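The sequence and the structure are shown first.

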Amino acid sequence: MIPDTVMFSIDTFIRPHLLSLKPYSSARDEFEGEASVYLDANENNLGSLAGGTDYNRYPDPYQKEIKQKLSKLKGVRPEQIFIGNGSDEAIDLLIRLVCAPGQDEVLLLPPTYGMYEVSANIHNVGIQRVPLDERFQPVFDKIAEKQTEKTKILFLCSPNNPTGNILEPETVEKLIREFKGLVVVDEAYIDFTETPSWSTRLDEFPNLVVLQTLSKAWGMAGLRLGMAFASPEIISYLNKIKPPYNINAVTQELVSAALDKTAQLHDMLQVIVQERERLVQVFAELPLIQKVYPSDANFVLVQVPDANELYAYLLERGVVVRNRTTQPGCFNCLRITIGTPKENDHLLESLQVYSEQKSVV
Ligand SMILES: Cc1ncc(COP(=O)(O)O)c(C=O)c1O
């Protein structure tokens, strides 16, 4: 019997010493108003060698302007938003927040994004694994069986990297309801699908954290800005343990302007999704490609007879893809990001030539 509400209190769940942690109090924390002379932060008041107007000043530690805009775009309240230096920073901080090194564990569903494991390893946090099934879907019973008192976070990635598929919402909901810990749903690729974000369900699930990023659809990987959406309680603990000025001024400035460009975002998304469908169709007709996995992301996973050989061949033609053959369930698989129409043409032509050379036509 699945309960209607999830009983969860972050206060009883975080590492106990963090409950009473006194965070660093920055100059910008202690004085927020307007003044004519700022002599409080040991900045260089003569100006900045980087040019710009205010780069000699520390940036807003809580990125209020960006949160206001994200709040409108995403339909969540500003106090439900944490902003990190990429979603990788949020992954790292979440592990630090609830997992005691050398004691607690996280639960991963491979094949999946590699940073959950790396972050856990950095913090000497144990890793339990329950592989996704042959459709790359989570297996509820096996996950439930694996959970112990030490398991503090379940990482779900939907659409999943490197497989590209959405995790079935029914199973995800059951996991959020039944898992006795934080359930992190990483939605780095959510903009490439019609499926609604789990952030629309935050008020129902106090143990839910949803990750998104501006690195993919928004085209701002180089600026490093990721988001965690969760209860205000979880967000305030993340703010407490983050580095004070984790989002630099240039990123805040450029991102704030970019968030107004939703029409252009939709135009880019349309091209990427159309190109994805085109590639999927052509791949399906190429005898060289034995399997094309369905994708809700900006990449497609394909299985070929010899991934190492094809990877090396494409590299000779100047095309670099991601060889995922060593990942569980991904033997002989390449993960191919959707490029520009011209880049995709070059890829397809290279695959054609390779097929002819190998007489796989
Ligand atoms: C599933 C997933 N989550 C998170 C990230 C990292 O995103 P960010 O650039 O925001 O750190 C990636 C990057 O490839 C990813 O695939």
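E204 counts as partly exposed, at 36% relative accessibility. In this predicted model, the side chain of E204 meets that of R177 in a salt bridge, with an N to O distance of 3.9 Å. R177 lies in helix α7, residues 169–178, and E204 in the loop between β5 and β6, so the pair ties together parts of the chain that are 27 residues apart in sequence.

## Other salt bridges

Across the whole structure, a search finds 22 salt bridges. One of them joins the side chains of R77 and D203, with 3.5 Å from N to O. Because R77 lies in the loop between α3 (64–74) and β1 (81–84) and D203 in the loop between β5 (182–186) and β6 (208–213), this pair ties together parts that are 126 residues apart in sequence. R77 counts as partly exposed at 35% relative accessibility, whereas D203 is exposed, with a relative accessible area of 59%.

A further salt bridge is formed by the side chains of E349 and R317, with an N to O distance of 3.0 Å. This pair links distant parts of the chain, since E349 belongs to helix α12 (residues 341–358) and R317 to the loop between α11 (307–316) and β10 (322–323), 32 residues apart. Both partners are partly exposed: E349 has a relative accessibility of 44%, and R317 has a relative accessible area of 26%. Salt bridges also occur as a network, in which R28, D40, E43 and R57 are linked.

## The ligand site

There are 13 residues around the ligand, and those that come nearest are S87, D186, Y189, T213 and S215.

A polar backbone atom of S87 is 2.7 Å from a ligand oxygen, and a polar backbone atom of D88 is 3.1 Å from an oxygen atom of the ligand. From K216, it is a polar side-chain atom that lies 2.8 Å from an oxygen atom of the ligand. Taken on its own, the ligand has 400 Å² of accessible area, of which the protein covers 92%.

## Cysteines

How many disulfides does the model contain? With the sulfur atoms of a pair required to lie within 2.5 Å, the count comes to 0 disulfides. C157 is in no disulfide, and the nearest cysteine sulfur, that of C330, is 12 Å away. C157 is buried, with a relative accessible area of 3%.

For C333, the closest cysteine sulfur is likewise that of C330. The distance between the two sulfurs is 5.0 Å, which is too far for a bond. C333 also counts as buried, at 0% relative accessibility.

Notes:
Residues are numbered from 1 along each chain as its sequence is written. This is a predicted model: local features need pLDDT of at least 70, side-chain atom pairs count only at pLDDT 80 or more; totals for chains, interfaces and linings use all residues. Side-chain values use heavy atoms; hydrogens and water are left out. A residue is near a molecule or strand if one of its heavy atoms lies within 4 Å of it. A polar contact is a pair of N or O atoms within 3.5 Å; within protein, one must be able to donate a hydrogen and the other to accept it, and residues adjacent in sequence count only if both atoms are side-chain atoms. Accessible areas come from the Shrake-Rupley method with a 1.4 Å probe; for residues, only the protein chains shown count as cover. Buried means under 20% relative accessible area, exposed over 50%, partly exposed in between (1.4 Å probe, protein chains only). A salt bridge is a side-chain nitrogen of Lys or Arg within 4 Å of a carboxyl oxygen of Asp or Glu. Helices (H or I, at least four residues) and strands (E, at least two) are DSSP runs, numbered from the N terminus.
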